[in-house]
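Here is a protein chain to explore. Take a moment to look over its sequence and its fold before reading on.

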Amino acid sequence: MGAEACAAAPHGAVRCGQRDLGTGPGYAALLAGRVVAALAHGAFFGIGSVLASALVAKEKQAGAISIMFGGLTLANVLGVPMGTFVGQQWGWRATFATIAVVGVVSFAGIAALVPDARAESSERSLRAELAVFSRAQVWYSLGMTVLVFGGMFGAFMYIEPLLTRVTGFDDGAVPWLLVLFGGNVLGGRLADAALRRTLTTWTLALGIVLVVFALVPGNKVAAAALLLAMGFFGFGTVPGLQMRVMRYADEAPTIASSANIAAFNVGNFLGVWIGGLAIAAGHGFGSPLWVGAGFAFAGLGVLLFADARSSARSTAAAAVAC
């Protein structure tokens with residue numbers, strides 16, 4: 001609410017200045033709603049990734065996934081500030097009402113415009129689909145997602161106090177700076193051409209960007225440029241991470257894709273939590289950047305190890321075949 005003082009009113013209501021924002025439904029209801037929303041989020045992006053890849057040729061699948069996840073980027077860059085504005089003007093209930101309206105419109109659009117593309121695994125039993133989790137490469141892929149995206153998102157979650165208290169930007173400049181934090185479809189197109197090389201390059205670049213950002217957080221020009229690079233390389237890894245797990249679990253792409261969405265959320269939690277611990281320990285608002293870099297480089301290590309194992313197995317199989 002800007003500089004306006006907010007205080008708790010009787011019966012759980014919140015008052016900011018002269019405006020009563022209303023009484024919340026209680027923590028239990030809020031938590032239940034959050035869980036339901038999380039279930040819908042995981043299912044939507046898990047199924048959406050499979051659908052997007054099914055609608056295009058095999059050599060364009062990662063690019064299609066990157067376009068779908070571009071909606072998630074726009075939701076963060078445009079939807080979050082818009083929701084905040086609506087809540088500030090008309091109260092928090094108006095924000096939820098707006099989201100509900102958008103949800104109904106989205107539902108109608110999907111029903112009317114999105115074709116039905118049944119996955120090949122739809123006729124398989126649940127036991128057969130769950131069998132893909134016995135593969136080490138599937139778990140390597142999930143671990144990479146936790147680390148790489150957790151590093152990026154954990155650093156991003158604390159970017160506002162870094163920009164205002166360390167870099168020196170005014171509060172009003174932060175929403176405009178956050179617009180720089182967007183994804184890109186280039187990562188998806190490159191992943192279609194060379195999945196392994198693209199993931200390696202993008203993850204390494206993300207780690208380097210976070211390290212450089214942590215070293216020069218007080219430079220306004222550098223901070224703006226590095227925020228742009230952080231979103232570019234961070235979101236650029238998403239289609240590759242999603243494609244990798246789907247390729248190693250090709251008999252059950254939907255369940256593997258949904259598991260990878262869960263891995264994104266686990267990474268978000270861990271990155272934010274450990275970044276918060278670093279700040280609480282007195283290491284400053286730049287410390288989440290170091291935590292994020294550590295996550296990214298750990299993810300790169302898992303990727304290199306997994307690729308080495310995959311190459312060794314392929315070589316051994318070729319030798320046996322000969």
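The report below goes from the whole chain to its core, its surface and its salt bridges.

## The chain as a whole

This is a predicted model. The protein chain has 322 residues, and 39% of them count as buried. Its secondary structure consists of 13 helices and three strands.

Contacts across the sequence are also worth a look. Take the contacts in the protein chain with a separation of 6 or more: 74% of them join residues 24 or more positions apart. The accessible surface comes to about 17000 Å². Carbon and sulfur atoms hold 70% of that area.

## The nonpolar core

The largest nonpolar core has 58 residues. Helix α5 gives the most to this core, with 11 residues. Inside the core, Phe213 and Met230 have the most contacts.

What does Met230 touch, leaving aside its neighbours within four places in sequence? Its partners are Met152, Ala155, Phe156, Phe181, Leu206, Val209, Leu210 and Phe213.

## A nonpolar patch on the surface

Nonpolar residues also occur on the surface. Leu204, Ile208, Val212, Leu215, Val216, Trp290 and Phe297 form a nonpolar patch there. Together they have about 600 Å² of accessible area.

Which helices supply at least two residues each to the nonpolar patch? They are α9 and α13. The largest share, four residues, comes from α9. Ile208 is in helix α9. Its relative accessible area is 43%, which makes Ile208 partly exposed.

The model has four salt bridges.

Arg196 counts as partly exposed, at 42%.

## A network at Arg135

Arg135, Asp250 and Glu251 are linked in a network of salt bridges. Within it, the side chains of Arg135 and Glu251 meet at 2.9 Å, N to O. Why does this pair tie together parts that are 116 residues apart in sequence? Arg135 lies in the loop between α4 (126-130) and α5 (136-157), while Glu251 lies in the loop between α11 (238-248) and α12 (253-283).

Arg135 is partly exposed, with a relative accessible area of 31%. Glu251 is partly exposed as well, at 30%.

Note on methods: Residues are numbered from 1 along each chain as its sequence is written. This is a predicted model: local features need pLDDT of at least 70, side-chain atom pairs count only at pLDDT 80 or more; totals for chains, interfaces and linings use all residues. Side-chain values use heavy atoms; hydrogens and water are left out. Buried means under 20% relative accessible area, exposed over 50%, partly exposed in between (1.4 Å probe, protein chains only). Contact means heavy atoms within 4.5 Å. Accessible areas come from the Shrake-Rupley method with a 1.4 Å probe; for residues, only the protein chains shown count as cover. A nonpolar core is a set of buried Ala, Val, Leu, Ile, Met, Phe, Trp, Tyr and Cys residues joined through side-chain atoms within 4.5 Å. Patches are made of residues with over 30% relative accessible area and no salt bridge: like charges are joined within 9 Å, nonpolar side chains (Val, Leu, Ile, Met, Phe, Trp, Tyr) within 5 Å.
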